[in-house]
Amino acid sequence: MESEALKEFVLLRVPEAEISQGAQYVQAVVPSEKAHTLLSELKSNPQTSFDYLFCLTGVDWPQHMEVVYHLKSTSLNHMVVIKAKINTRENPETDTVCDIWRTAEFHEREVFDLFGITFRNHPDLRRLLLTDDWVGYPLRKDYVDNVNMIAY
Amino acid sequence: MDEVIAQALESQEYFINMGPQHPSTHGVLRLVLSLDGEIIRKVEPHIGYIHRSIEKMCEHDSYQQIVHLTDRMDYLSCHINNEAVCLAVEMGLQVEVPERVKVIRTIIGELTRLSSHQLWWGVMGMDLGAITTFLYGFRDREMITDIFEETCGARLTMNYNVPGGLMFDIHPNFQKRTKEFVTHFRKKLPEYDDLLSNNVIFRERTIGIGKLSKEDAISYGVTGPTGRASGFSCDVRKHHPYSAYDKVQFNEILRTEGDCFARYQCRIAEMWESLSIIEQLIDNIPEGPFKAPTKAVIKLPKGEWYQKVETARGEFGVYIISEGQKSPYRLKFRSPGFSNLSALDHMARGAKIADLVAIMSTIDLVIPDIDR
């Protein structure tokens with residue numbers, strides 16, 4: 001699917017999406033409440049059939065949090081970036097996409113571990129890289145660790 | 001009475017720790033196995049023993065420094081990891097690197113892939129009880145590390161790439177020694193088949209073990225030779241060519257079986273392809289500068305870039321979000337080992353403990369790559 005068609009496809013489903021053409025891919029920022037429905041549609045619709053989630057990560061912005069999904073269709077060979085915007089930094093929550101792509105299970109655990117974003121309906125949401133009793137979320141911008149981090 | 005006996009004989013599920021210091025995990029990976037007798041019911045990987053939070057460190061480092069950190073992830077594909085960061089930064093700066101750089105990067109990238117596969121082959125044999133392969137693999141790998149040492153002074157973590165090009169030009173002996181290696185290894189690679197591929201015990205232990213279907217491979221994001229053995233066409237060198245891969249002829253190796261032996265065959269066949277890529281390029285290194293001019297302090301404009309490359313283990317991605325500073329606002333490394341490991345549970349269910357060793361070997365895990 002061409003970039004323009006992709007943009008229309010997303011806008012039709014989520015009218016409030018902020019769509020832009022990035023350096024490489026079409027990017028769409030959508031509210032986190034609508035992300036799961038959109039992503040599910042992107043996977044199952046034969047026009048898009050994004051069956052390969054090659055990157056899932058979180059970003060900590062000053063006012064909000066984002067979960068970024070990089071998607072590719074192995075049959076149609078097109079790509080898109082969907083960003084689920086969570087409007088709070090206190091106890092951010094969004095829906096899991098484990099039921100759509102199984103690779104998300106590990107990736108979401110990592111994002112939970114390092115950003116503190118809770119994924120609703122995740123089958124096994126625990127810390128992944130850090131120990132269970134770790135305090136704080138290291139990849140947040142306001143994380144303080146006086147022992148292991150050198151101040152710049 | 002029969003019920004009592006049946007109850008007494010009924011096996012109970014129990015747990016066992018494999019690792020974090022198990023020889024076959026090749027690093028500090030802990031697997032909690034849920035077992036019914038010798039049959040695996042569930043594998044739960046516990047990772048993070050060598051998590052260094054490289055992504056957080058990158059948020060304070062300059063782009064030149066970030067290149068050095070990528071060596072410490074997948075140390076067997078260090079050159080290719082470096083290349084990924086350099087390509088992403090070059091894309092952000094819109095710098096066109098000289099043709100000479102592209103060709104040299106490709107040749108060294110393929111040598112890196114070869115040396116990684118040689119080590120994998122040696123260690124794989126050792127995991128399954130054949131110590132000879134380890135010695136054979138390291139014998140041939142030594143020639144490649146010698147070439148690297150002469151080229152840039154380091155044998156493993158090379159740091160030969162810098163944003164814009166290479167740290168310095170190739171050594172005058174580079175072409176001669178690489179050609180010597182290719183001639184040598186073309187003769188030695190059939191030995192690998194004699195030792196392992198056609199070995200009855202080895203085949204018994206790998207054929208039909210640890211199956212992964214194409215749909216599952218895509219869903220789990222399993223890439224590299226592991227994914228291609230399941231029929232998932234995911235070679236970044238073919239789908240999104242970078243450096244000089246669009247100028248060379250090579251085949252993407254695909255198998256459909258998706259078992260341990262298919263993954264093994266994929267890597268062996270990839271070694272032949274790598275040799276062919278090197279042969280096509282080694283006499284055609286264009287003249288010219290080895291580095292495009294870049295500023296001492298690199299500041300990427302506001303924006304975001306995603307660069308993927310094919311390491312020896314699969315698709316490695318660098319995702320840079322820049323706010324116009326000298327360090328990235330956020331940097332994510334999508335490491336192939338992380339996604340490949342997530343499919344381990346799926347592959348190992350129903351197998352025996354000894355099979356798990358074979359499955360792990362053929363996924364070719366490098367733990368620092370997973371933990372980052």
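B:Tyr14 sits across from B:Leu35, a residue of strand β2 in chain B. That strand, residues 30-36, pairs with β1(B) in the antiparallel sense, and the pairing runs over six bridges. Keep in mind that this is a predicted model.

- Three strands make up an open sheet here, lined up as β1-β2-β3 of chain B, and the pairing is antiparallel.
- The edges belong to β1 (13-18) and β3 of chain B, and each of these has a single partner strand, so one side of each has no neighbour in the sheet.
- If you ignore direction, neighbouring strands in this sheet are turned by 20 degrees against each other on average.

**A look at B:Glu44**

- You'll find B:Glu44 in strand β3 of chain B, which covers residues 39-46.
- Setting aside neighbours within four places in sequence, B:Glu44 is in contact with B:Leu31, B:Val32 and B:Asp345.
- B:Asp345 is 301 residues away from B:Glu44 along the chain, yet their C-alpha atoms are separated by 6.7 Å.

**Two helices packed together**

- In chain B, helix α5 (residues 99-127) packs against helix α15 (residues 353-363) at an angle of about 180 degrees, and their axes are 10 Å apart.
- Angles over 145 degrees count as roughly antiparallel, and α5(B) and α15(B) are therefore described that way.
- On the α5(B) side, the contact is made by B:Val123, B:Met124 and B:Asp127, and on the α15(B) side by B:Val357, B:Ser361 and B:Thr362.
- Sorted by class, the residues of this helix contact come out as three nonpolar, two polar and one charged.

**Where chain A meets chain B**

- How many residues does each chain bring to the contact? Chain A puts in 23 residues and chain B puts in 26 residues.
- Looking at the chain A side, the elements that give two or more residues are β3 (52-60) and α3 (104-115) of chain A.
- β3(A) gives the most to that side, with six residues.

Terms used:
Residues numbered from 1 in each chain as written. Chains lettered and ligands numbered in written order. Predicted model: local features only at pLDDT ≥ 70, side-chain atom pairs only at ≥ 80, totals over all residues. Contact = placed C-beta atoms within 7 Å. Helix = DSSP H or I, 4+ residues; strand = E, 2+ residues; numbered from the N terminus. Axes fitted to C-alpha atoms, helices over the stretch in contact; angles between N-to-C directions. Parallel < 35°, antiparallel > 145°, perpendicular 65-115°, else oblique. Nonpolar A, V, L, I, M, F, W, Y, C, P; charged D, E, K, R; others polar. Pairing = 2+ DSSP bridges.
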